[in-house]
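Colleague: Before I set anything up, could you walk me through this model? Start with the structure itself, and tell me your criteria as you go.

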Amino acid sequence: MLIFRQTADIAHFVENQKRKQVVSGFVPTMGALHEGHLSLIRKAKATAALTLCSIFVNPTQFNDPADYQQYPVTLENDIYLLEKSGCDVLFLPSASEMYPEGAPRLRYEIGYLEDVLEGAYRPGHFQGVCQAVHKLLNIIQPDHLFMGQKDYQQCMVIKNLLTLIQSPAQLIITETTREADGLAMSSRNMRLNPEERALATGIFKALTLIQTKIIPGPLQPLLDEAWQILTEHRLNPDYLTIADAHTLQEIQTWDGNNDVVALTAAFMGPVRLIDNLVIPRNFA
């Protein structure tokens, strides 16, 4: 596996691959890799001739500086896992490489997605995500961009970004990878102690309750029941909601004719976890 730390070096490599018309797949990450990330690498390898990954803990998407400082860094193991998975190229830029002093910061018009759910609770988060992904796309110039469904709203934001910047990259979203007990795999899980880790399964239990019990009609009673599951598991929710799966507009009453998604963000101690389950219109 080739490892690049400088933008100029990887840009030169990418340009050579472009001239050879090599189809590329790109997986952007913030490191602390787990099976969810590796499933994206495998999907990229099955889709493209050249698989590239980046590890960059992006400071501009953390609205809480403490959260940025505590984000797990496991670089040695990450490199081992990527090599074992057959990743071809790893880009490891520093913050100063990505955001050189004096470089302009763009603002992205990504619409209402910036202000609802994750956007409402993490002001500026999606602007930071867009800054980093835009820069990475300009450097890597991938044919395919791979992201996981666990970050549902982020996937929608990036889809808008690709249109906004007129990127030719095709966004490929893969299903959330879960532990045996249903907990969505996340780099943040490693910050949970054993008791917290067991209680965090309440997130999947609450979402599964919604998925299995939803019927056309008012949704608040079902949301109240699922909220109780979260609190019984000592989770402190920021939100638990049901929204249109294609627009992310929250809905109070379901007619059974639209795909919906149940989404939540909840704290287990100081660790904030997110998850979602998509419910197709013919599910109920």
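Modeller: Contact here means heavy atoms within 4.5 Å. This is a predicted model, where local features need pLDDT of at least 70, side-chain atom pairs count only at pLDDT 80 or more, and totals for chains, interfaces and linings use all residues. Residues are numbered from 1 along each chain as its sequence is written, and side-chain values use heavy atoms, with hydrogens and water left out.

Colleague: Is Gln 127 buried or exposed, and which residues does Gln 127 touch?

Modeller: Gln 127 is part of helix 7 (residues 125-140); helices (H or I, at least four residues) and strands (E, at least two) are DSSP runs numbered from the N terminus. Its relative accessibility is 7%, so Gln 127 counts as buried (buried is under 20% relative accessible area, exposed over 50%, partly exposed in between, with a 1.4 Å probe and protein chains only). Leaving out residues up to four places away in sequence, Gln 127 touches Leu 106, Arg 107, Tyr 108, Ile 110 and Glu 114.

Colleague: What is the strand order in the open sheet of 6 strands?

Modeller: The pairing in this open sheet is parallel, and two strands pair if DSSP finds at least two bridges between them. Strand 1 (2-4) and strand 6 (170-174) are the edges, each pairing on one side only. The order is 1-4-3-2-5-6.

Colleague: What is the bridge partner of Leu 2 in strand 4?

Modeller: Strand 1 pairs with strand 4 (residues 89-91) in the parallel sense, over 3 bridges. The partner of Leu 2 there is Val 89.

Colleague: At about what angle does helix 4 run to strand 3?

Modeller: Axes are lines fitted to C-alpha atoms, for helices over the stretch in contact, and angles run from 0 to 180 degrees between N-to-C directions. Helix 2 (residues 35-47) lies across strand 2 (24-29), strand 3 (50-55), strand 5 (144-148) and strand 6, at about 155 degrees to strand 5. Helix 4 (residues 75-85) lies across strand 1, strand 3 and strand 4, and its angle to strand 3 is about 170 degrees.

Colleague: Which element gives the most to the lining of the largest cavity?

Modeller: On a 1 Å grid over the protein atoms alone, a cavity is a set of points where a 1.4 Å probe fits but cannot get out, a pocket is an open set with protein on both sides within 12 Å along at least five of seven lines, and lining residues have an atom within 4 Å of a point. The largest cavity has a volume of about 50 Å³, a volume being the space filled by probe spheres set on the points, with grid points joined across faces, edges and corners. Its lining includes Val 14, Ser 24 and Ile 140. The top contributor, with 3 residues, is helix 1.

Colleague: Which residues are closest to the centre of the second largest pocket?

Modeller: That pocket holds about 270 Å³ of space. Of the 16 residues that line the second largest pocket, the closest to its centre are Ile 55, Phe 56, Val 57, Val 73 and Leu 92.

Colleague: Why is strand 8 largely enclosed by the rest of the structure, and what is the bridge partner of Asp 244 in strand 10?

Modeller: Strand 8 (residues 236-244) is largely enclosed because 8 of its 9 residues are buried. Strand 8 pairs with strand 10 (residues 260-268) in the antiparallel sense over 8 bridges. In strand 10, the partner of Asp 244 is Val 260.
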